[in-house]
Amino acid sequence: MQSRREFTMALAALAACGAAGPALATPEAQKPSEFSSNEIVDNGHRFFGSISRGLAEAVESATRKWGKPNGYILGQEAGGAFIGGLRYGEGVMHTRNAGDLRVFWQGPSMGLDAGADGDRTMMLVYNLPSTNAIFRRYGGVDGSVYLVGGFGMTALVNEDVYVVPIRSGVGARLGFNVSYLKFTPASTWNPF
């Protein structure tokens, strides 16, 4: 009887603390504030772990080209290709003043590309006018050359909003392709 009461009290305490996970803010209409390169690198170090030098170089390169990001996404993805390919992922978009938002992405690719990979992904987001503006298609050209593991960066664009995925993962991938990623608020198998 005592253990049942303790179990009930523990469940009530967990529910009161929000043990189901961190609450994600609802998307606001305000433009998110920018992050400094050091903040992005620090969060990337915690997320990626040991690939510090490559991450710092990728963030510095992106900052020189597009300025300071006003959002970033931390997540994971998987992809595969043999001439045509698919990529699926999920993560959380972090903003300074507009809250966090769960996002999913998927997209097709076409090109001289073969292999499969699973990646931890950090996506830097530039010029995002509001958090809901992430939900559209971003296109670009991607290239991959790695066996067993790798690290890479590419850029995708839609109008003046840039999404720069920085990937670190395992697998074997060789080639280049033209692709897009479609961001959605819910998971879907439809890459188009």
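Modeller: Tyr162 counts as partly exposed, at 26% relative accessibility (buried means under 20% relative accessible area, exposed over 50%, partly exposed in between, with a 1.4 Å probe and protein chains only). This is a predicted model, where local features need pLDDT of at least 70 and side-chain atom pairs count only at pLDDT 80 or more, while totals for chains, interfaces and linings use all residues. Residues are numbered from 1 along each chain as its sequence is written, and side-chain values use heavy atoms, with hydrogens and water left out.

Colleague: OK, how many aromatic pairs does the structure hold?

Modeller: Five. Rings of Phe, Tyr and Trp (its six-membered ring) pair if their centres lie within 6.5 Å; planes under 30 degrees apart count as stacked, over 60 as edge-to-face and the rest as tilted. In one of the pairs, Trp66 and Tyr126 have ring centres 5.9 Å apart and planes at 40°, so that pair is tilted.

Colleague: Where do Trp66 and Tyr126 sit?

Modeller: Trp66 is in helix α3 (residues 52-66) and Tyr126 in strand β2 (residues 100-126), 60 residues apart. Helices (H or I, at least four residues) and strands (E, at least two) are DSSP runs, numbered from the N terminus.

Colleague: And is Tyr126 buried or exposed?

Modeller: Tyr126 is buried, with a relative accessible area of 0%.

Colleague: Why is the pair of Trp66 and Tyr162 called tilted?

Modeller: Their planes are at 35° with the ring centres 5.5 Å apart, so the pair is tilted. Trp66 lies in helix α3 and Tyr162 in strand β5 (residues 161-184), so this pair ties together parts 96 residues apart in sequence. Ring pairs link Trp66, Tyr126 and Tyr162 into a cluster.

Colleague: Now the packing. Which residues touch the most other members in the largest nonpolar core?

Modeller: Ile73, Val103, Leu128, Ile134, Tyr138 and Phe183, out of 16 residues. A nonpolar core is a set of buried Ala, Val, Leu, Ile, Met, Phe, Trp, Tyr and Cys residues joined through side-chain atoms within 4.5 Å. The largest share, five residues, comes from β2.
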